[in-house]
Amino acid sequence: MICPECGSEMMPCNDPLTEEFKGEMITVKGLEYHRCPECGETMMSAGMATRQAKDMARQWAELKGLLSPDEVKEIRKDLGLNQAQFEQLVGVSRPTASRWENGASVQSKTADRLMRLLRFDRRNADVLMERSEIRPAASVTYSFSPRPRDSGKTWPDKTTKRIVEVA
Ligand SMILES: [Zn+2]
């Protein structure tokens, strides 16, 4: 592979790669790419670039104390909502939820706090669903129990968990 910048032969490389993401320098390990030994230019496949972008978004969210893409997805699924319904509930446009969940973008602090309230107490979601006339896509059975603080347990646990898996 020839470097598009200087024309030198690029070499396969899997060193940790550090790039700026939203004002922070983020290092991603485990990427396979080509680097130019002369000018330092790098090239990678679209798949690797996606992986790098997702990992940078995940690390950035962690750095800023925001919910991770997996946590966002878990909150939505625990509410029994599909992405379109969840977007309606939170008040964002399509396809924001899928972008949060696959790490293509990171939620605002405001959206992050709203989602934490939805996770903390199911009744917060019920209030918003009633207002927006949202019905969960899957039938969901809940008995409310507050999330145990720092218990390390997943919540809802088996006794409160939804009966039907959400597709
Ligand atoms: Zn070069």
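Where is P95 found? Select P95: this residue is in the loop between α3 and α4. The peptide bond from R94 to P95 is cis, with omega near 0°. Most peptide bonds are trans.

**Before going on**

Residues are numbered from 1 along each chain as its sequence is written. The model is predicted: local features need pLDDT of at least 70, side-chain atom pairs count only at pLDDT 80 or more, and totals for chains, interfaces and linings use all residues. Helices (H or I, at least four residues) and strands (E, at least two) are DSSP runs, numbered from the N terminus.

**Whole chain**

Colour by secondary structure. The protein chain has 6 helices and 5 strands. From the N terminus, the order is β-β-β-β-β-α-α-α-α-α-α. Of its 167 residues, 17% count as buried. A residue is buried if 20 or more other C-beta atoms lie within 10 Å of its own, exposed if 12 or fewer, and partly exposed in between; the C-beta atoms are placed from the backbone.

**The sheet**

Select β1, β4 and β5. These 3 strands form an open sheet in the order β1-β4-β5, with antiparallel pairing. Two strands pair if DSSP finds at least two bridges between them. β1 (11-13) and β5 (42-43) stand at the edges with a single partner strand each, so one side of each has no neighbour in the sheet. Now zoom in on β4 (residues 33-35): 2 bridges join this strand to β5. H34 stands opposite M43 in β5.

**Two loops**

Go to E41, in the loop between β4 and β5. E41 counts as partly exposed because it has 15 C-beta neighbours inside 10 Å. Show its contacts (C-beta atoms, placed from the backbone, within 7 Å). Not counting residues up to four places away in sequence, E41 touches C3, P4, E5 and C36. The C-alpha atoms of E41 and E5 are separated by 7.1 Å, though the two residues are 36 apart along the chain.

Next, K22, in the loop between β2 and β3. Its phi is near 45°, a positive value in a residue other than glycine. Most residues other than glycine have a negative phi. With 11 C-beta neighbours inside 10 Å, K22 counts as exposed.

**Helix α1**

Select residues 46-63. At 1.5 Å a residue, the 18 residues of α1 should span 26 Å, and its end C-alpha atoms are 25 Å apart, which agrees. The expected span is 1.5 Å times one less than the number of residues. Which residues of α1 are buried? They are M56, A57 and A61. They cover an arc of only 130° around the axis, which puts them on the same side of α1. That arc is taken from the directions from the helix axis to the C-beta atoms. The buried residues pack against β2 (17-21), β3 (24-28) and α2 (69-78). Turn to the face away from the buried side: G47, E62 and L63 are exposed there. Just after α1, G65 takes a positive phi of about 75°.

**The core**

Stay with A61. Leaving aside neighbours within four places in sequence, A61 is in contact with L66, L67, S68 and V106. A61 also belongs to the largest nonpolar core, which has 17 residues; A61, L67, F86, L89 and M115 have the most contacts inside it. Such a core is a set of buried Ala, Val, Leu, Ile, Met, Phe, Trp, Tyr and Cys residues joined through C-beta atoms within 7 Å. α1, α3 (83-90), α4 (96-101) and α5 (109-120) each supply at least two residues of this core. Colour by domain, with bounds from an automatic or database domain assignment. Domain 1 (11-63) and domain 2 (66-167) both give residues to this core, so it lies between them.

Note on methods: Contact = placed C-beta atoms within 7 Å.
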